[in-house]
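Please look over the sequence and the structure shown below before reading on. The paragraphs after it are meant to be read with both in view.

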Amino acid sequence: SNKYKKVAENTEVKELDIIRTSLSSEVTILFDDGTNVYLTENTTIELKKLYENKKKSDKKTELNMILGICKIEVTGSTFKTSKFQLSTPNAVIGVRGTSFIVESKENITSLSVLANNVKFKSIGSGKEIDVKSGYTSKVTGDKDPSKPKKTKEEDLKGIVKKDVLDGNILPPILNMKEMIFAIILIIILAI
């Protein structure tokens with residue numbers, strides 16, 4: 001059975017937690033390495049894998065975005081081997097030290113890169129491309145990612161608020177400190 005939990009600022013979230021924002025709500029998940037994930041309203045994301053081994057200098061973060069829009073800023077990790085991956089129903093995005101916006105809806109995943117480069121892969125076709133800063137690509141159904149096109153700022157403003165585009169992320173609401181297995185469905189209500 002699903003458990004619903006209203007969260008407050010600085011609520012800790014764990015591996016396998018599912019975070020869902022409702023209408024007129026938003027949340028920022030702040031990871032201990034400085035990476036942050038900003039979810040807009042009506043977005044659902046699962047914290048699929050949160051692995052860290054300081055002795056081996058190894059870190060893996062895998063998120064599964066089921067629906068919605070998010071902006072992610074991945075910091076350059078101090079770990080020798082670091083992997084940050086975001087999956088949607090039809091695409092996989094692999095990154096290290098970058099900033100990007102993803103929208104997943106109706107079997108279409110749109111990726112707009114704000115800083116550095118991002119690897120963008122279609123799950124259906126297996127084709128992977130690099131998307132550079134200032135460019136946008138889409139995966140529709142099982143097709144290959146589209147050829148990256150220059151991102152138009154006015155296109156993004158309809159998706160994400162201007163303060164997010166300008167890098168002014170809301171103060172952190174959720175912190176990731178422990179990596180204990182849990183299955184909790186969290187509904188974040190508008191304040």
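Predicted model: local features only at pLDDT ≥ 70, side-chain atom pairs only at ≥ 80, totals over all residues.

Residues are numbered from 1 along each chain as its sequence is written, and side-chain values use heavy atoms, with hydrogens and water left out.

The protein chain has two helices and 17 strands, where helices (H or I, at least four residues) and strands (E, at least two residues) are DSSP runs numbered from the N terminus. Of its 191 residues, 46% count as buried, a term that means under 20% relative accessible area, with exposed meaning over 50% and partly exposed the range in between (1.4 Å probe, protein chains only). Taking contact to mean heavy atoms within 4.5 Å, one finds that, among contacts between residues at least 6 apart in sequence, 52% join residues at least 24 apart. The chain exposes about 10100 Å², of which carbon and sulfur atoms supply 51%; accessible areas come from the Shrake-Rupley method with a 1.4 Å probe, and for residues only the protein chains shown count as cover.

Turning to the interior, a nonpolar core is a set of buried Ala, Val, Leu, Ile, Met, Phe, Trp, Tyr and Cys residues joined through side-chain atoms within 4.5 Å. The largest such core has 29 residues, and Val37, Leu86, Ile93, Phe100 and Leu111 touch the most other members. The largest share of this core, five residues, comes from E7. For leucine 111, the contacts beyond four places in sequence include Ile93, Phe100, Val118, Phe120, Val131 and Tyr135.

Which residue in E5 stands opposite isoleucine 29? It is valine 37, which is also among the core residues that touch the most other members. Strand E4 (residues 27–31) is largely enclosed by the rest of the structure, because four of its five residues are buried. E4 pairs with strand E5 (residues 36–39) in the antiparallel sense over four bridges, and two strands are said to pair if DSSP finds at least two bridges between them. Four residues lie between the strands of this hairpin, and glycine 34 takes a positive phi near 100° there.

Lysine 49 is found in strand E6 (residues 44–53), and threonine 61 has its place in strand E7 (residues 58–74). Lysine 49 counts as partly exposed because its relative accessible area is 33%, whereas threonine 61 counts as buried because its relative accessibility is 5%. Leaving aside neighbours within four places in sequence, lysine 49 is in contact with Glu15, Lys60, Thr61 and Glu62. The C-alpha atoms of lysine 49 and glutamate 62 are separated by 4.8 Å, although these residues are 13 apart along the chain. On the same terms of counting, threonine 61 touches Phe31, Lys49, Leu50, Lys83, Phe84 and Gln85.

Serine 110 lies in strand E11 (residues 108–115) and is buried, because its relative accessibility is 14%. Its contacts beyond four places in sequence are Ile101, Val102, Glu103, Ser137 and Lys138.

Side chains of opposite charge can pair when their charged atoms come close. Where a side-chain nitrogen of Lys or Arg is within 4 Å of a carboxyl oxygen of Asp or Glu, the pair is called a salt bridge, and a search of the whole structure finds three. One of them joins aspartate 130 and lysine 119, with an N to O distance of 3.0 Å. This pair links distant parts of the chain, with aspartate 130 in strand E13 (residues 128–132) and lysine 119 in strand E12 (residues 117–122), eleven residues apart. Aspartate 130 is partly exposed at 45% relative accessibility, and lysine 119 is partly exposed at 38%.

Another salt bridge brings together the side chains of glutamate 73 and lysine 71 (3.2 Å, N to O). Here glutamate 73 counts as partly exposed at 23% relative accessibility, whereas lysine 71 is buried, with a relative accessible area of 2%. Lysine 105 forms a salt bridge with glutamate 103, the closest N and O atoms being 3.7 Å apart; lysine 105 is partly exposed at 44%, while glutamate 103 is buried at 16%.
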